[in-house]
Amino acid sequence: MAVTFNLEKTAGSARLGRLTTPHGEIETPAFMPVGTVASVKAVPQDTLEELGAQIILGNTYHLYLRPGHELIRSMGGLHRFMSWKRSILTDSGGFQVFSLSELRKITEEGVNFRSHLDGSSHLFTPERSMEIQIALGADIIMAFDECTEYPADESRTRSSMEMTLRWAKRSKEYFEANKHQVPWAEHLPGKTQSLFGIVQGGMYPHLRRESAERTVELDFPGYAIGGLSVGEPRERTQEMIAAALQVLPKDKPRYVMGVGYPDEITRYAAMGVDMMDCVLPTRAARHGLLFTSEGRLNIKNTRFAQDQGPVDPKCACKVCARYSRAYLRHLFVAGEPLAAVLNTVHNLAFYLDTMRSVRHAIQLGDISGFLSGSAPNA
RNA sequence: GUGGGUAUAGUUCAGUGGCAGAACGCCAGACUGUGGCUCUGGAUGUCGUGGGUUCGACCCCCACUACCCACC
């Protein structure tokens, strides 16, 4: 059995749901912290559990290069290896190929790239990505796609989209034939991974719709909208999400990849998106940027040197309950690793609480507060 | 006490007889399916003090002061 998705309630376009994977349940709309190398940077797994994270991301590209997917398979899979009992989603490596563009060569077969670690040469194909993702054993794995660069003209966008569709078909065929090899097959009898398809189509609404239609024809248990937040204006992002959502089936989870700021994830959730992931809360935290109910705050600023208040007076997280802005600033300026830990815990708490409040609003049937333009964190 | 050396940004130090420099630090900004505690900007000076040479001195000369090293 793959994932199941139960739609419990709607409010306008927004959806309150429950996604069940072999490793647990995820209340949606959900924000998924990114843990690229089998680690949500700076945050131990028990803290992630306390924060209420129900699913985290891992990355095929990074884990393949180090420590290697076969090693992780031999350790019982990614869950056991990193001691994370809840759900995991792995990205296919398609985006890394895009973001490491100077080191790659793309052909119909797949992508030849050079390792950022040692310069060695590797070939990723849809089949290879599936093989690796099956070995890692995440609950949800992603089709190998090509993230269309921005800007791209219509003809380039279409040919990129067509290749993603061909790769999606190859991904699915390889996955269906080999999914029984997942490392926890015996441990969780009858349960399988789920492969999600990815909608591309650049900045062309009609291509987004076509990509969505043709991806749905391939029949996946969930659909992602990729190729966004690649430098386009935010209105475009929203427009492309809306175009794809028009087509995607209502009874399957919809996942927008790689977004966003707090005001963006709430707006997309209000539009009907069920899942989102983003490095922003974790990366920004390590760079001293904290998200609060009153907007963004750069903790390294001198004005916080003697500020005895919490990061966010309205935040219920352990960091805000215990530590002052002055102390967090000191830790950051001193280069203490604890600064990254505390800042990341706060930012993730803020993101996860934000999604909780969206779910609560859907439950109450009023999401008006999340639909419109006020963007304190923009 | 004698001899030698050094003195330039907050710090460590380059530097040239003709607009005062770097690194780090400091100040601020950025970060959207995470290579990279990263990236981008910005501010900062009685060039130890006093005199002299020179059209012009941070630079050459003299004295002084402080610090460092060696010797007594």
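**Note on the predicted model of chain A with RNA strand B**

1. Helix 6, spanning residues 126-136, is mostly covered, with 9 of its 11 residues buried. The buried set consists of Pro126, Arg128, Ser129, Met130, Ile132, Gln133, Ile134, Ala135 and Leu136. Just after helix 6, Gly137 adopts a positive phi of about 80°. These remarks, like those below, concern a predicted model.

2. On the overall fold, chain A contains 15 helices and 16 strands. Its radius of gyration is 20 Å, close to the 21 Å given by the globule rule for 378 residues, so chain A is as compact as a globular protein of that length. Along the principal axes, the C-alpha atoms of chain A fill a box of roughly 60 × 45 × 45 Å. Of the 378 residues, 51% count as buried. Among contacts in chain A with a separation of 6 or more, 69% are between residues 24 or more positions apart.

3. By class, the surface near RNA strand B comprises 18 nonpolar, 19 polar and 10 charged residues.

4. Helix 8 (residues 205-218) packs against helix 9 (residues 234-247) at an angle of about 35°, and their axes are 8 Å apart. The crossing of the two helices is right-handed. From helix 8, Pro205, Arg208, Arg209, Ala212, Glu213 and Val216 take part; they meet Glu239, Met240, Ala243, Ala244, Gln246 and Val247 of helix 9. By class, this contact has 7 nonpolar, 1 polar and 4 charged residues. As background, an α-helix has 3.6 residues a turn, so residues three or four places apart point the same way.

5. Two cis peptide bonds should be noted. One runs from Thr28 to Pro29, with omega near 5°; Pro29 is found in the loop between strand 3 (24-28) and strand 4 (30-33). Another runs from Tyr150 to Pro151, with omega near -5°. Pro151 is placed in the loop between strand 10 (140-142) and helix 7 (154-178).

6. Positive phi values also occur in residues other than glycine. Ala38 has a phi near 65° and lies in the loop between strand 4 and helix 1 (45-51). Is Ala38 buried or exposed? Ala38 has 21 other C-beta atoms within 10 Å and is therefore buried, the cut-off for burial being 20 or more.

7. Asp219 likewise has a positive phi, near 65°. Asp219 is located in the loop between helix 8 and strand 12 (223-225). With 10 C-beta neighbours inside 10 Å, Asp219 counts as exposed, since the limit for that class is 12 or fewer.

8. Ala321 is placed in helix 12 (residues 318-322). This residue is exposed, because 9 other C-beta atoms lie within 10 Å. Ala321 and Ile88 are 233 residues apart in sequence, and their C-alpha atoms are 29 Å apart in space.

Note on methods:
Residues are numbered from 1 along each chain as its sequence is written. Chains are lettered from A and ligands numbered from 1 in the order in which they are written. This is a predicted model: local features need pLDDT of at least 70, side-chain atom pairs count only at pLDDT 80 or more; totals for chains, interfaces and linings use all residues. Ala, Val, Leu, Ile, Met, Phe, Trp, Tyr, Cys and Pro count as nonpolar, Asp, Glu, Lys and Arg as charged, and the others, Gly among them, as polar. Helices (H or I, at least four residues) and strands (E, at least two) are DSSP runs, numbered from the N terminus. Axes are lines fitted to C-alpha atoms, for helices over the stretch in contact, and angles run from 0 to 180 degrees between N-to-C directions. A crossing is left-handed if the near helix is turned anticlockwise from the far one by less than a right angle, and right-handed if clockwise. Two residues are in contact if their C-beta atoms, placed from the backbone, lie within 7 Å. The radius of gyration is taken over C-alpha atoms; the globule rule is 2.2 Å times the number of residues to the power 0.38.
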